Structures are given as structure tokens and as C-alpha cells.
Amino acid sequence: MQSEDAIDLRRQLRLTWLLLTVVAVVFVWPTVRVWLGVGMAASGTPRTVTPRGELAEFEQSTVELFRTVSPSVVYLTTRSRIASPFSRRAIEVDAGSGSGFMWDEFGHIVTNFHVLQEASSAKVVLWDQSSYEATLIGGSADHDLAVLKINAAAAKLLPVAIGTSGDLLVGQAVFAIGNPFGLNQTLTTGVVSAKSRSIDSPTGRSIEDVIQIDAAINPGNSGGPLLDSAGRLIGVNTAIYSPSGTSAGVGFSIPVDTVNRVVPQIIANGRYEPPQLGVRVIAELSDAVTQRLGVEGVLIFHVVPGGPADRAGLRETVIGQSSLVRPGDIIQKIGDRTVRDMNDMLEALEHYAVGQTVTVEYLREGKTESVDVVLQ
């Protein structure tokens, strides 16, 4: 009879050899296979490609949108004039870059005002990499919009289709094409995150009804088009709000309803002139009077003789002897928009065109009245 200790020792030895065998198979066998050439043909053969099949419907529509609209988007490079440190002559140096898009078949290019703000000249690069020196037609700093013109062959001038922005819905898909960081013809996608936002223009005045989007807007995207899923222009990408200081943040786009009102005037007159009531306002005096009376609105200081307000019977402020003041009418509403200050009044007027009739609600001697005014 074998002792139990001897039996346990043999069991432990068998278990140890079994473990060593497993380790050898796992770690040594792949090397032995290479030596013997086992499986070499299989490991050196490319895998069979799985057929892709058709693109998903949303992918097909996005690809087609980019193919259709991207030839309407341009790349802008600007130069500024500075004094040469080595001579008394002025020289031009690269100032920056941005995006733009073709507005019509006459070579007009729309971009942001701030893209051209410090520039002395600009060059436009088209989809086929042909480049043209651009002529500045004009701009509106209050709307951060500017128009350039190039002389290119008619076949290269492909205007973007125009849509509307007033009927946009939060959650609606949007597509931005531009040239971020100088990378030509870049597409980003997202949704309308919010409507009716306000941002500051280069002059400090508010731009109203701005579209907030989550599509990536980076340096160089400024001035590029924002599109809906039909490939129509619904805005001009202008800014990004980034608390971290990086390009990851909230994007903003000037609504096309504003663009379609401002750009034609810039093309026709070199500048934008909103419709006028025919009144003059002194902000400090207006604020002082409305605060003293405890009301909101804009005090009319002067009525232009023969102007719309004069024809409608609105009253101006009268300053008599001993500096006695008879306050004029205080405008409190234009159409359906409340007027609290000068900026509100200007923004309200910009929603109308010259020749339109608008109802003006005003305060006169403590009584609220209204009158129809034909804008000029």
C-alpha cells in the first residue's frame, strides 16, 4: 500500500506538468507555426470586402446637397496695408480668411462685414480653384454683412437658392459649408438649437432674430451659408460663443430674412438705409424724460418738416424761454413691436420697407394714441 503522501505528491506533479503543457501551447505554439510555415498563406491574404450596398436615404440627400451647393461657396483671403519697417512705402500683408457665397449671376459675393473690416483688398477663390481680385460694393456693419463683386465667366457664377428663416423650427436640420482654418469646402451638420437670439454687431448694435445652431462654426466659417435640407440659404454664419475660448461652443447665423432685405440695398446703393419715420431723437433727453414720467418709450425731439411723422401729425419737443420744455410724443410701439429705447425703434423699423404703412402707438400728455405712418 502506497502512503497517502506519495499519492498526493504524484497528483501535484501531474498537475504541474499539465499546467506547463498548457503554457507551452499558448505561448510557444504561435512561434512554432511561423517556423513551420503553418497558416502563412491564410494570414497574408486580404480579407474579403463586404459589399456596402446603397447609402442610407439621409446620407444620399446630404451628399447631393453638398454636391449641388458647394460650387456656390467661395473662399476669401484678405490683405491689409501697413507701413514697411524697411522703407517709407506701404505694403500689403495677409490679414485673414473667411467664407462667402454667390448671391446672383452678376458676380456679387456675400460675406460678413467683420471678415473685411481690417482689409485693404480681398481675393475670392472659387470651387474650381480659380481666383479673382474682388471689388467692395458696400456693407452694413449693423448687420455684419458685406458685398463684394468679381468678374468671372457666367458659367462659374452659381447663385445659392434663397429660403426663409421666419418659419424655421427648433430641431430642424441645418448644414453649414465654409472654409474653417483655410480648409476649403468643408461641410458640417446640426440642428436649429434656438431662434430669436440677439448678438452684437461690429458697431455694438444688436442683431435680432439670430439663429442659434449646434453645427460646428470655426474660424474661417464666417460669411459662409447656412442651409436647410432643401439646399436653400436660411442664414449667414457669423459667430460662435465659446466659454472655453476654443471653437467648441454655440454657433450663430444671421437670418436670411434679414439678409434678403439688407443685401439688395447694399448692391443698389453701396449701403443699407432702413425706412425712416422722419424724426430725430436725443437718447439722453429721451431717457431723462421717460424716467421722470415713469414710462417706457422714445421721446421725439424733432419732427422733420414734410416727413412721414409730420404728415401723420406727430409732435416734437418744444423748448421755450427759461429752458421750459414741452415734451413731444413718446413712441411706445411700432406695429406689434414694443419700443423701449432707440435700439428697439431702429430694430422695429427694419422689419418694414420704404412705402409701407405702419401703426405707431405713442403717449401724448398722459394719453395713449395711435396713428398710421407711411415710411420713407
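Modeller: Start with burial: a residue is called buried when its relative accessible area is under 20%, exposed when it is over 50%, and partly exposed in between. Keep in mind that the model here is predicted. I213, in strand β11, has a relative accessible area of 1% and is therefore buried.

Biologist: What is the general idea behind a nonpolar core?

Modeller: In soluble globular proteins, nonpolar side chains tend to be buried together. In this structure the largest nonpolar core has 21 residues. The members that touch the most other members are F101, W103, V110, L145, L227 and V259.

Biologist: Which helices and strands each supply at least two residues of this core?

Modeller: They are helices α3 (57-69) and α5 (256-269), together with strands β7 (145-149), β9 (173-178) and β13 (232-241). Helix α5 gives the most, with 5 residues.

Biologist: Take L145 as an example. Is L145 buried or exposed?

Modeller: L145 has a relative accessible area of 0%, so it counts as buried. This residue is part of strand β7. L145 and I266 are 121 residues apart in sequence, while their C-alpha atoms are 9.1 Å apart.

Biologist: Are D142 and R205 buried, partly exposed or exposed?

Modeller: The relative accessibility of D142 is 25%, so D142 counts as partly exposed. For R205 the value is 16%, so R205 counts as buried.

Biologist: With which residue does R205 form a salt bridge at 3.0 Å, N to O?

Modeller: The partner is E347. Here too the pair links distant parts of the chain, since E347 sits in helix α8 (residues 342-349), 142 residues from R205. E347 is buried because its relative accessible area is 9%. Taken together, D142, R205, E347 and E350 are linked in a network of salt bridges.

Biologist: Which residue forms a salt bridge with E273?

Modeller: It is R271, and the closest N and O atoms are 2.7 Å apart. E273 has a relative accessible area of 39% and is partly exposed. R271 is also partly exposed, at 45%.

Biologist: What should I look for in the backbone angles?

Modeller: One thing to look for is a positive phi in a residue other than glycine. D144 is such a case, with phi near 55°. D144 lies in the loop between β6 and β7 and is buried, with a relative accessible area of 4%. S196 is a second case, with phi near 60°. S196 belongs to strand β10 and is exposed, at 53% relative accessible area.

Biologist: Last, the surface. How is a patch read, and which residues form the negative one?

Modeller: A patch is made of residues with over 30% relative accessible area and no salt bridge, like charges being joined within 9 Å and nonpolar side chains within 5 Å. The negative patch consists of E284, D287, E296 and D341. E284 is in helix α6 (residues 283-293), and with a relative accessible area of 60% it is exposed.

Biologist: Which residues make the nonpolar surface patch of about 360 Å²?

Modeller: L13, W17 and L20 make this patch. L13 lies in helix α1 (residues 4-36). Its relative accessibility is 46%, so L13 counts as partly exposed.

Conventions. Residues are numbered from 1 along each chain as its sequence is written. This is a predicted model: local features need pLDDT of at least 70, side-chain atom pairs count only at pLDDT 80 or more; totals for chains, interfaces and linings use all residues. Side-chain values use heavy atoms; hydrogens and water are left out. Accessible areas come from the Shrake-Rupley method with a 1.4 Å probe; for residues, only the protein chains shown count as cover. A salt bridge is a side-chain nitrogen of Lys or Arg within 4 Å of a carboxyl oxygen of Asp or Glu. Lys and Arg count as positive and Asp and Glu as negative; His and the chain ends are not counted. The place of a charge is taken as NZ of Lys, CZ of Arg, CG of Asp or CD of Glu. Helices (H or I, at least four residues) and strands (E, at least two) are DSSP runs, numbered from the N terminus. Buried means under 20% relative accessible area, exposed over 50%, partly exposed in between (1.4 Å probe, protein chains only). A nonpolar core is a set of buried Ala, Val, Leu, Ile, Met, Phe, Trp, Tyr and Cys residues joined through side-chain atoms within 4.5 Å.
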